Amino acid sequence: MIGKLNHLAIVVPDLEAASATYRDNLGASVTAPVDLPEHGVTTVFVELPNTKIELLLPLGTDSPIAKFLEKNPSGGMHHVCYEVEDIIAARDTLIAAGARILGNGEPKIGAHNKPVLFLHPKDFCGTLVELEQI
Ligand code: CO
């Protein structure tokens with residue numbers, strides 16, 4: 001069902017500092033920050049030859065990543081995003097297998113203007129999984 005790794009996401013306490021680390025110290029290409037109010041995050045993408053790293057900063061008062069940053073004040077790995085061809089078919093297969101979908105179970109439009117869903121970490125080896133329809 002899953003295809004390519006689309007990105008890994010890292011929550012950071014300072015988006016400018018994290019962008020500078022990847023751009024200046026690691027020599028990567030880094031995009032400008034984009035606010036995603038519906039997801040409660042500001043994102044920057046680090047573009048690598050074979051995948052992307054999503055740097056996430058909480059946005060707004062009830063950001064879903066605020067607690068994560070409280071527990072991990074210097075930041076940390078947050079989720080992995082796999083590509084799928086049909087997100088509704090993927091969701092229905094996973095629900096039938098007993099997996100839990102976060103939120104209301106309906107895809108939202110993600111950082112790349114494509115539908116995304118998040119899967120419960122307890123059902124996937126303790127890792128938050130994002131599915132993105134390509
Ligand atoms: Co993501």
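Asp123 is partly exposed, with a relative accessible area of 28%; here buried means under 20% relative accessible area, exposed over 50%, and partly exposed in between, computed with a 1.4 Å probe on protein chains only. The model is predicted, so local features need pLDDT of at least 70 and side-chain atom pairs count only at pLDDT 80 or more, whereas totals for chains, interfaces and linings use all residues. Residues are numbered from 1 along each chain as its sequence is written, and side-chain values use heavy atoms, with hydrogens and water left out.

The partner of Asp123 is Arg100, with which it forms a salt bridge whose closest N and O atoms are 2.9 Å apart. A salt bridge here is a side-chain nitrogen of Lys or Arg within 4 Å of a carboxyl oxygen of Asp or Glu. Arg100 lies in the loop between helix H3 (87–96) and strand E7 (108–109), and Asp123 in the loop between strand E8 (115–119) and strand E9 (128–133), so the pair ties together parts that are 23 residues apart in sequence. Helices (H or I, at least four residues) and strands (E, at least two) are DSSP runs, numbered from the N terminus. Arg100 is itself partly exposed, at 41% relative accessibility.

Salt bridges that share partners also join Arg91, Asp92 and Glu106 into one network. Within it, Arg91 and Asp92 bring their closest N and O atoms to 3.0 Å. Arg91 is buried, with a relative accessible area of 11%, while Asp92 is partly exposed at 39%. Another salt bridge links Asp24 to Arg23, with 3.1 Å between the closest N and O atoms; Arg23 is partly exposed, at 43% relative accessible area. In total, the structure holds 4 salt bridges.

The metal site comes next. The cobalt ion is coordinated by His7 (NE2), Glu54 (OE), His79 (NE2) and Glu130 (OE), at 2.1 to 2.2 Å. His7 lies in strand E1 (residues 5–11) and Glu130 in strand E9, so this pair ties together parts that are 123 residues apart in sequence. Donors are N, O and S atoms within 2.8 Å of the metal (3.2 Å for Na, K and Ca), and sites may look incomplete because water is not among the atoms. The donor residues follow the spacing H-x46-E-x24-H-x50-E in sequence. His7 is buried at 1% relative accessibility, and Glu130 is buried at 5%.
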